[in-house]
Structures are given as structure tokens and as C-alpha cells.
Amino acid sequence: MTHHATQTLLELGYRMTPQRTLVWDVLRQSGEHLTAEQICARVQEQFPHVNMSTVYRTLELLVELNLVKETCLGPSRRYYEVEEEVPHHHLVCEHCGKIVHIHDEDLGNLPRLLEREQGFVAEELTVFGHCLDCGGDHAHP
Ligand SMILES: [Zn+2]
Ligand SMILES: [Zn+2]
């Protein structure tokens with residue numbers, strides 16, 4: 001287990017409140033990218049009285065503490081996921097919403113090219129497109 005949220009929180013002087021535990025568990029167990037609304041819905045399955053603003057506040061804190069990563073994958077599409085040790089990039093299917101992780105080694109020469117040609121250091125990439133399952137007209141033969 002790479003993440004000890006409870007310990008991190010304690011070390012930084014926070015308590016692991018039930019709400020924080022719930023939000024953290026939802027994210028960790030899903031292993032997906034979830035919106036705040038989805039997280040809230042899952043928390044409410046267990047604790048119906050937890051409201052949206054509590055979930056937002058909790059997410060804000062977990063992001064601040066680098067336990068959770070917040071990624072903007074398009075306008076009004078903020079996703080939360082458990083922070084990984086290795087930086088990763090996202091491929092986003094605009095049709096079905098599928099999100100795939102790629103890592104630095106998948107980028108090949110691109111970061112070096114961007115740095116050399118554009119004077120730009122790419123830290124995190126998001127690529128919008130469609131997966132082959134959603135290929136439609138553009139699918140490969
Ligand atoms: Zn798709
Ligand atoms: Zn991700």
C-alpha cells in the first residue's frame with residue numbers, strides 16, 4: 001500500500017474524520033477518475049447525510065496534501081484520483097468518456113522535441129480524441 005492517508009494527515013496535524021475516510025476510500029477503491037458528484041453519490045450510499053460541500057472541502061484538503069490529484073480534462077470536467085508516485089498523462093475519449101493513463105516512456109521523443117523546438121517543458125499532457133471502440137467513421141479498417 002503506497003498511500004497512508006491517515007498517517008499523512010496525522011503528521012500534518014489533521015484528523016482522519018469519518019468524512020475524510022469515506023472520500024478517501026471511495027477514491028482508493030474505485031481506482032478511477034471520478035468527478036466530485038460521483039464521489040459524493042458513492043459516499044452518500046453509505047452516509048446519506050454527507051453533502052456536496054463537505055465532499056468539496058474534503059477533496060480540496062486531500063489535493064492540497066498531495067494525496068489526491070485533481071485533473072481538468074476539459075471544461076467543467078474535473079476529475080479526482082489517488083495521487084500516483086509516477087507522473088502520468090491522460091488520453092480522453094470524447095465519446096464514451098474513457099480515460100487512459102500513459103507514462104513518460106510512452107511519449108518517446110516528444111518531450112525532448114518540445115523542449116528543443118518550442119522551448120517548452122511538458123509536465124503533463126492531456127490528449128482528447130476517441131478510443132477505437134468509439135471509432136465510428138474514423139475507425140481503422
Ligand atoms: Zn470511447
Ligand atoms: Zn489519471
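Q: Quick overview first. How many helices and strands does the protein have?
A: Five helices and five strands. This is a predicted model, so keep that in mind.

Q: In what order do the elements run from the N terminus?
A: The order is α-α-α-α-β-β-β-β-α-β.

Q: What box do the C-alpha atoms fill?
A: Roughly 50 × 35 × 25 Å, taken along the principal axes.

Q: And what share of the residues counts as buried?
A: Of the 141 residues, 16% count as buried.

Q: On to helix 4. Which residues does it cover, and what does it span?
A: Helix 4 covers residues 52–64, which is 13 residues. From first C-alpha to last it reaches 18 Å. That is close to the 18 Å expected at 1.5 Å a residue.

Q: Which of its residues are buried?
A: V55, T58, L59 and L62. They sit on the same side of helix 4, because they cover an arc of only 100 degrees around the axis.

Q: Why would residues with that kind of spacing point the same way?
A: An α-helix has 3.6 residues a turn, so residues three or four places apart point the same way.

Q: Which exposed residues are on the face turned away from the buried side?
A: S53 and E64 are the exposed residues that face carries.

Q: Let's take helix 3. How do the axes of helix 3 and helix 4 cross?
A: They come within 10 Å and cross at roughly 115 degrees.

Q: Left-handed or right-handed?
A: The crossing of helix 3 and helix 4 is right-handed.

Q: Which residues meet there?
A: Helix 3 brings A36, I39, C40 and V43. Helix 4 brings M52, V55, Y56 and L59.

Q: Now the largest nonpolar core. How many residues, and which have the most contacts inside it?
A: It has 17 residues. V23, L27, I39, V43 and Y80 have the most contacts inside it.

Q: Which elements supply at least two residues of this core each?
A: Helix 1 (5–11), helix 2, helix 3, helix 4 and strand 2. Helix 2 gives the largest share, five residues.

Q: Zoom in on L27. What does L27 touch?
A: L34, I39, V68, Y80, E81 and V82. That leaves out residues up to four places away in sequence.

Q: Back to the end of helix 4. What follows it?
A: Helix 4 is followed by N66. N66 is in the loop between helix 4 and strand 1.

Q: What stands out about the phi of N66?
A: The phi of N66 is positive, about 60 degrees, although N66 is not a glycine. Most residues other than glycine have a negative phi.

Q: Is N66 buried or exposed?
A: Exposed, because N66 has 9 C-beta neighbours inside 10 Å. The cut-off for exposed is 12 or fewer.

Q: Last one, L132. Where is it?
A: In the segment after strand 5 (126–129). L132 counts as exposed, with 9 C-beta neighbours inside 10 Å.

Q: How far apart are L132 and E32?
A: In sequence, 100 residues. In space, 20 Å from C-alpha to C-alpha.

Notes. Residues are numbered from 1 along each chain as its sequence is written. Chains are lettered from A and ligands numbered from 1 in the order in which they are written. This is a predicted model: local features need pLDDT of at least 70, side-chain atom pairs count only at pLDDT 80 or more; totals for chains, interfaces and linings use all residues. Helices (H or I, at least four residues) and strands (E, at least two) are DSSP runs, numbered from the N terminus. The expected span of a helix is 1.5 Å times one less than its number of residues. A residue is buried if 20 or more other C-beta atoms lie within 10 Å of its own, exposed if 12 or fewer, and partly exposed in between; C-beta atoms are placed from the backbone. The arc is that of the directions from the helix axis to the C-beta atoms. A nonpolar core is a set of buried Ala, Val, Leu, Ile, Met, Phe, Trp, Tyr and Cys residues joined through C-beta atoms within 7 Å. Two residues are in contact if their C-beta atoms, placed from the backbone, lie within 7 Å. Axes are lines fitted to C-alpha atoms, for helices over the stretch in contact, and angles run from 0 to 180 degrees between N-to-C directions. A crossing is left-handed if the near helix is turned anticlockwise from the far one by less than a right angle, and right-handed if clockwise.
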